[in-house]
Amino acid sequence: MGLIQRVLDVVGLPTVSLSLVKEMTSLVKPSKALFIEHPFGLTLGGIGEKETHRAVLRDCLRYAAETLPAGAIVDLPYRWPDDLRERQLRKEAH
Amino acid sequence: MNFADIEKEYLRRKTVPDFDWTVFEAPTDPVPLAKPLERCRVALVVTAGAYLPETQEPFQVRNPLGDDSYRVVPGGTAAEAIALSHPGYDTRRARQDPDCVFPLDLLRRFSFEGAIGSVAPRHFSFMGYIPRTENLLWRTAPQVGRMLLEDEVDLALLVPS
């Protein structure tokens, strides 16, 4: 995701991205990213969790409008309720 | 060991023996919004492997070298028309609610409510497993950038999976 964002940054587009793995975003250094501790495949939140989806998208828009240093990675406050993400990060779940 | 190291070892063992992450030393500069959000045309760029099965091929999920192509998804596409092909996550979950990974429905609601100016006419879907990144960096992602500029997009939101 960060690689695509870098290309869009260079062509002159305002961008903001979500990041599911902060250390990978740190390797690529796109202009502005929001780190969210959600599982792979449930980036904005769980199935049917409309309010969480809305809150995450609102955060994207809010930070898009903010001036931050190049390469900023902002920690979003969302937490996942079970161990799916942790198991995915250990490659024990899909 | 963090996930980047775990994933690198996994890919080297399973598919690409010389795999390594593409790394950059310096960040790219953010481009400020040129107008208030309420007037911005917003596009989504996702790596969910979203495609339109009526007219488009799914992404290659069995190719060990991944798939660096992209699919164009028109802004008016119904959520039910979107399918997902991706080897890196269980697509059955997000298939029940595409907003989890490709919040096009939600973006349309934000436009209707006036939080953004409009939804872009074209959105772009990649499949996130791309171990060889040269073609992505020099061909496919720049193509997407040009189309976003053609569509006079004011903000691109990038959503991984």
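Predicted model: local features only at pLDDT ≥ 70, side-chain atom pairs only at ≥ 80, totals over all residues.
One pair to look at is A:S17, whose bridge partner in strand 7 of chain B is B:L158.

Now the helices. Helix 1 of chain A, residues 2–11, packs with helix 4 of chain B, residues 134–150. Their axes are 9 Å apart, and the angle is about 55°. Angles from 65 to 115 degrees would count as roughly perpendicular and those under 35 as roughly parallel, so helix 1 of chain A and helix 4 of chain B are oblique to each other. The crossing of these two helices is right-handed.

Which residues meet there? From helix 1 of chain A they are A:L3, A:I4, A:V7, A:L8 and A:V11.

Last, the contact between the chains as a whole. Chain B puts in 54 residues and chain A 51. On the chain B side, at least two residues each come from helix 1 (3–14), helix 2 (91–95), helix 3 (104–113), helix 4 and strand 7 (155–159). Which of the elements gives the most? That is helix 4 of chain B, with seven residues. The side of chain B that touches chain A divides into 38 nonpolar, 10 polar and six charged residues.

Notes: Residues numbered from 1 in each chain as written. Chains lettered and ligands numbered in written order. Axes fitted to C-alpha atoms, helices over the stretch in contact; angles between N-to-C directions. Helix = DSSP H or I, 4+ residues; strand = E, 2+ residues; numbered from the N terminus. Parallel < 35°, antiparallel > 145°, perpendicular 65-115°, else oblique. Left-handed = near helix turned anticlockwise from the far one by under 90°. Contact = placed C-beta atoms within 7 Å. Nonpolar A, V, L, I, M, F, W, Y, C, P; charged D, E, K, R; others polar. Pairing = 2+ DSSP bridges.
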